[in-house]
Amino acid sequence: MGLVAYYRVSTKKQGASGLGLESQRAIICHYHNCDTFVAEFTDVMSGKNADRPELQKAIDLCVSEGHHLVVAKVDRLSRNTEDALIIYDKLDQRLYCCDIPNLDKFTLTIFMAIADRELELISIRTKAALAAKKAQGVELGKPENLTPEAQAMGSKAMAKQAKKAYKAESNYIQMMRDRGWSFRQIADQLNTEGKTTRNGREFKAMTVKRILDRIQV
């Protein structure tokens, strides 16, 4: 069995510059020996699009020859939870995501839920701005121009999504704790994945403990 690498950038500009692709390859090569790759595939399109020809070629190769598919980050594989789980099943669990250690179906679901939350927040902010523009004819992108009603609507929706994301993150932390990880190990793992606390700070062992204490209350 070998490794098949898959890269994805969303725009032609990113693909032409190579910056996004180079970054993804650097991440993968940090964890795996790129010189031993069986093949490498690249798509230049949105992760929301389930019909990505190069990804399908990569999956077909892995399925037919028993290789593992490797991606730098799970959002390069897909932006849709259901789609990611379908791919995972097609590969018979032969998937490596550099940002998810010890990947299994449960952790994949948790990470995809967090990715979905990020997209929903972007959508909420955009819709709130469009609603304000339609009502007042003001320029988009300036929070001070939003009506109080639009601001309240956006704040309420974002608070709901933040609560949902916090629950998903808490479940992920609890899962690591159930596997015997120390508070320090969990904090280090979250920091390695580029995650931050709700205040935008790095995770500490005490931060992890407090989150777990709140779950158990």
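In strand β2, the bridge partner of A5 is E40. The model is predicted, so local features need pLDDT of at least 70 and side-chain atom pairs count only at pLDDT 80 or more, while totals for chains, interfaces and linings use all residues. Residues are numbered from 1 along each chain as its sequence is written, and side-chain values use heavy atoms, with hydrogens and water left out.

Six bridges join β1 to β2 (residues 39-44), and these two strands run parallel. Strand β1 also runs parallel to strand β3 (residues 68-71), to which three bridges join it. On that side, V4 stands opposite L69 in β3. Two strands pair if DSSP finds at least two bridges between them. Strands themselves are DSSP runs of E with at least two residues, helices are runs of H or I with at least four, and both are numbered from the N terminus.

Is β1 (residues 3-9) mostly covered or mostly open? Strand β1 is mostly covered, since seven of its seven residues are buried. Buried means under 20% relative accessible area, exposed means over 50%, and partly exposed lies in between, with a 1.4 Å probe and protein chains only. In a regular strand the side chains alternate between the two faces of the sheet. Here both faces are covered: L3, A5, Y7 and V9 are buried on one side, and V4, Y6 and R8 are buried on the other.

## The chain as a whole

The chain holds nine helices and four strands. Their order from the N terminus on is β-α-α-β-α-β-α-α-β-α-α-α-α. The chain has 217 residues, and 41% of them count as buried.

## Cavity and pocket

How many cavities of 30 Å³ or more does a search of the whole structure find? The search finds one. A cavity is a set of points, on a 1 Å grid over the protein atoms alone, where a 1.4 Å probe fits but cannot get out. A pocket is an open set with protein on both sides within 12 Å along at least five of seven lines, and lining residues have an atom within 4 Å of a point. Grid points are joined across faces, edges and corners, and a volume is the space filled by probe spheres set on the points. The largest cavity has a volume of about 40 Å³. Its lining is made by P101, N102, Y172, M175, M176, R179 and W181. This lining divides into five nonpolar residues, one polar and one charged. Ala, Val, Leu, Ile, Met, Phe, Trp, Tyr, Cys and Pro count as nonpolar, Asp, Glu, Lys and Arg as charged, and the others, Gly among them, as polar.

The second largest pocket has a volume of about 290 Å³. Two or more residues of its lining come from each of α2 (19-31), β4 (95-97) and α8 (183-192). The element that gives the most is β4, with three residues. The lining has 17 residues, and Y31, C97, C98, D99 and I100 lie nearest the centre of the pocket. By type, the lining of this pocket holds 10 nonpolar, four polar and three charged residues.

I173 belongs to helix α7 (residues 148-178). I173 counts as buried because its relative accessibility is 0%. I173 and L190 are 17 residues apart in sequence, and their C-alpha atoms are 8.7 Å apart in space.

R117 is found in helix α6 (residues 105-136). With a relative accessible area of 22%, R117 is partly exposed. R117 and A168 are 51 residues apart in sequence and 9.8 Å apart in space, C-alpha to C-alpha.

## A charge over a ring

The charged end of R177 sits over the ring of F183, at 4.1 Å from the ring centre. A charge sits over a ring if NZ of Lys or CZ of Arg is within 6 Å of the ring centre and within 35 degrees of the ring normal.

## Two residues with positive phi

Most residues other than glycine have a negative phi. D92 is not a glycine, yet its phi is positive, about 55°. Q93, also a residue other than glycine, has a positive phi near 70°.

Where does D92 lie? D92 lies in the loop between α5 (81-90) and β4. Q93 is placed in the loop between α5 and β4. D92 counts as exposed because its relative accessibility is 53%. Q93 counts as exposed at 53% relative accessibility.
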